[in-house]
Amino acid sequence: MEIRGVLTLRKRQVLIFFVLLGLSEAHTESVHYSVAEETEIGSSVANLARDLGLGMEELSSRGARVVSDDNEKHLHLDLLTGDLLLNEKLDREELCGSSESCVLHFQVVLENPLQFFRAELHVKDINDHSPAFLDKEILIKISESTTIGTTFLMESAQDLDVGSNSLQNYTISPNSHFYIKIRDSGDRKIYPELVLDRALDHEEEPELRLTLTALDGGSPPKSGTTLVLIEVLDINDNAPEFPQSLYEVQVLEDTPLGSWIITISAKDLDAGNYGKISYTFFHASEDIRKTFEINTISGEINLRSSLDFEVIQSYTINIQATDGGGLSEKCTLLVKVIDINDNPPEVTMSSITKTIPENASETLVALFSVRDQDAGDNGRMVCSIQDDLPFFLKPTFKNFFTLVSEKALDRESRDEYNITITVTDLGTPRLQTQYNITVLISDVNDNVPAFTQTSYTLLVRENNSPALHIGSVSATDRDSGTNAQVTYSLLPTQDPHLPLASLVSINTDNGHLFALRSLDYEALQAFEFRVGATDRGSPALSSEALVRVVVVDDNDNSPFVLYPLQNGSAPCTELVPRAAEAGYLVTKVVAVDGDSGQNAWLSFQLLKATEPGLFGVWAHNGEVRTARPLSERDAAKHRLVVLVKDNGEPPLSATVTLHVLLVDGFSQPYLPLPEAAPDQAQADSLTVYLVIALASVSSLFLFSVLLFVAVRLCRRDRATLGGRCSVPEGHFPGHLVDVSGTGTLSQSYQYEVCLTGGTGTNEFKFLKPIIPNFQVRDTGRNMGEKENFRNSFEFNIQ
């Protein structure tokens, strides 16, 4: 009970004290004291008894006490000694922030009679904070073409100390390219700038790592460091440019968090990555970074934390625009916080239409009313929407408005409108309320499907598998819904000989084209047709495009040897005189390939020879020639294997075997050929078929000639009644094909044929070949036989 009574008495005394304090007169003189921050608790600041001229007993009897203006008990008075003592450690930065002067005001109160003395305690700064960079790493991109002397803005360090203990200097680690320049902003702050001292070379050194050190002026000085990473880029000759160097914006102090403040936009004339600009804050204090945020891509600045006009009236934000090449430019944004009136305008939506057809004009979108509970200018309002929209506001009666479309709209140009209705009062400061309406435009089928290309060219390799996807056509319709659903079809072809339905088909839903059967380049190299695209609107609209299918040749045909013809029963034998010199044309291998292009380019190669080095094959024309003069020591029989290969991928090939006999003259008896090797025992199936076909055709032709001659002779016998048939004089006009001019054969062959009558046998005689190209040992004898040969018959075939 006694303790509760004492507490009640003290509360009454305190109340009476503050009442009397307000009514009494203050001592006009102020006593000034100073103390360094972080001084230990209980340290003596001054002796108040001595300074006030009071004795110890008077201090105690008059209830002397210390009262601070901020009601914090930083100090207390020792009544026994009269000393003013620290009640806690004082942190200047916590008490006064970045203010140069830090003063704590307090009063010394005496009772009986009531008297107080004003006093000030100056808290002196000590060097208890090191400079610190907000970013542990600073990335700077610099083009290698940057001129010497160019400066680059860098983030400054933060030092909570003031005066000589604050940030005083910057240094950079030793290097051959840069040095630091100190810039004084005029507000007692210094900022570092990186200055290029020697030209950079991206190829020599694409990256530099430097250490930036911030030093304060304390004793001893304290420092802070950050890593400066410099990327040396290729040439970028245009830096970003802001339309203006200073932007000012006024922001209401009750602006919601996340609100858009302003968009800072810079332009860069470069293209590609060098023209892409990123936006950042620089030289920004921690308060700025906590309050605002910037979109590095768009430059939009949004509010991050609440504003308070009573705490900070304005923000000066330095914004840096850096392009992809490392060049940068800065501007300053001044954000002024505006005090508010307490009632913003209100918008009440009565009706709203969120979807309107695109072909309708002057359609009612919304009906709404506005009001402001304030009076006078603070209650007067202005209502508006964006200027670039095809809508307008129309006042009706009192404070009602209608939002109406001013013309017919085009959904394909824009299918959605975000309309912001802004209501602003005329108070000071002005308040505004925004109401956003999203209006959707419904579709009308007024656009035909459009192909991505007017014509398509599809490449298909021959011998494809059936139902192979060979390509696609695509058409788009700017309409929406069913009006934009496109179906594809094959249009009738104008070529009656093109079986389009059996060649390709189309997927009606996605436009994929398929080959219905395997294509053969040798039969069909290319064909064209048209495809149609139709939407599902009402009425339906359509368009068409041309499709050209090109068949790409595949290496599916091996080379075929025309000469010498290979068969198992009659091998080809070439005769070569031993007197032949080097380069003598023995024969020529003739081959063809059914493919085209490089698949049909043929090359020839000698695979095997009885005596290597004696014969050679020309790679491009297949001519077989002697590589050196022949001698008596060379074997008489030679077997050559020639490889014929095309240029396809993979290459296909065929081989041909040649038998060569070395003779002293063509009167030398025929030398038998060696037996075929075991690997040649089986003839190629294609060669067998060709031999059979040629034999059949030759037999049929021979039979026809014999039949024709027999009929003619019989008719003449009947006309002359059994007399002797007359044989026409002169040479028969027919000719055998002589391919020696092209180098296919080594000799020209002539055959003389004579049909005789009168003997009663009517024979068709074939004589031995006449070979005029070579000299025979018995020249006179052979020439005589040749003359007798010619004189014995009345016509020949050459």
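This is a predicted model: local features need pLDDT of at least 70, side-chain atom pairs count only at pLDDT 80 or more; totals for chains, interfaces and linings use all residues.

1. The largest pocket has a volume of about 1400 Å³. Its lining is made up of 41 residues, and those lying nearest the centre are S98, Q158, K189, Y191 and S285. By class, the lining residues comprise 14 nonpolar, 15 polar and 12 charged.

2. Which elements give two or more residues to the lining of the largest pocket? They are the strands β10 (167–172), β11 (178–184), β12 (190–196), β20 (314–323) and β21 (328–338), together with α5 (286–291). The largest share, four residues, is supplied by β20.

3. An open sheet is formed by three strands in the order β2-β5-β4, with antiparallel pairing. The edges are taken by β2 (44–47) and β4 (75–77); each has a single partner strand, so one side of each has no neighbour in the sheet. From one strand to the next, the twist averages 25°.

4. Within this sheet, β4 pairs with β5 (residues 83–86) in the antiparallel sense over three bridges. L75 has L86 in β5 as its bridge partner. As background, strands of a sheet pair through backbone hydrogen bonds, either parallel or antiparallel.

5. The structure holds 19 salt bridges. One of them joins the side chains of R62 and E58, at 3.1 Å from N to O. R62 counts as buried because its relative accessibility is 9%, under the 20% limit; E58, at 30%, counts as partly exposed.

6. E111 and R65 also meet in a salt bridge through their side chains, at 3.2 Å from N to O. This pair links distant parts of the chain, 46 residues apart: E111 is in the loop between β6 (103–110) and β7 (115–124), while R65 is in strand β3 (residues 65–68). E111 is partly exposed, with a relative accessible area of 25%, and R65 is partly exposed as well, at 32%.

7. In a further salt bridge, the side chains of R411 and D443 meet at 2.9 Å, N to O. The two residues are 32 apart and link distant parts of the chain, with R411 in the loop between β27 (400–405) and β28 (416–425) and D443 in the loop between β29 (432–442) and β30 (450–451). R411 counts as buried at 9% relative accessibility, and D443 counts as buried at 18%.

8. Where do cis peptide bonds occur? One joins S219 and P220, with omega about 0°; P220 is placed in the loop between β13 (207–216) and β14 (223–233). Another joins Y563 and P564, with omega about -5°; P564 lies in the loop between β39 (560–563) and β40 (573–577). For context, most peptide bonds are trans.

9. N112, in the loop between β6 and β7, has a positive phi near 55° and is exposed, with a relative accessible area of 65%. N463, in the loop between β31 (455–461) and β32 (468–472), has a positive phi of about 65° and counts as partly exposed at 40% relative accessibility. Most residues other than glycine have a negative phi.

Technical notes. Residues are numbered from 1 along each chain as its sequence is written. Side-chain values use heavy atoms; hydrogens and water are left out. On a 1 Å grid over the protein atoms alone, a cavity is a set of points where a 1.4 Å probe fits but cannot get out, and a pocket is an open set with protein on both sides within 12 Å along at least five of seven lines; lining residues have an atom within 4 Å of a point. Grid points are joined across faces, edges and corners, and a volume is the space filled by probe spheres set on the points. Ala, Val, Leu, Ile, Met, Phe, Trp, Tyr, Cys and Pro count as nonpolar, Asp, Glu, Lys and Arg as charged, and the others, Gly among them, as polar. Two strands pair if DSSP finds at least two bridges between them. Axes are lines fitted to C-alpha atoms, for helices over the stretch in contact, and angles run from 0 to 180 degrees between N-to-C directions. A salt bridge is a side-chain nitrogen of Lys or Arg within 4 Å of a carboxyl oxygen of Asp or Glu. Buried means under 20% relative accessible area, exposed over 50%, partly exposed in between (1.4 Å probe, protein chains only).
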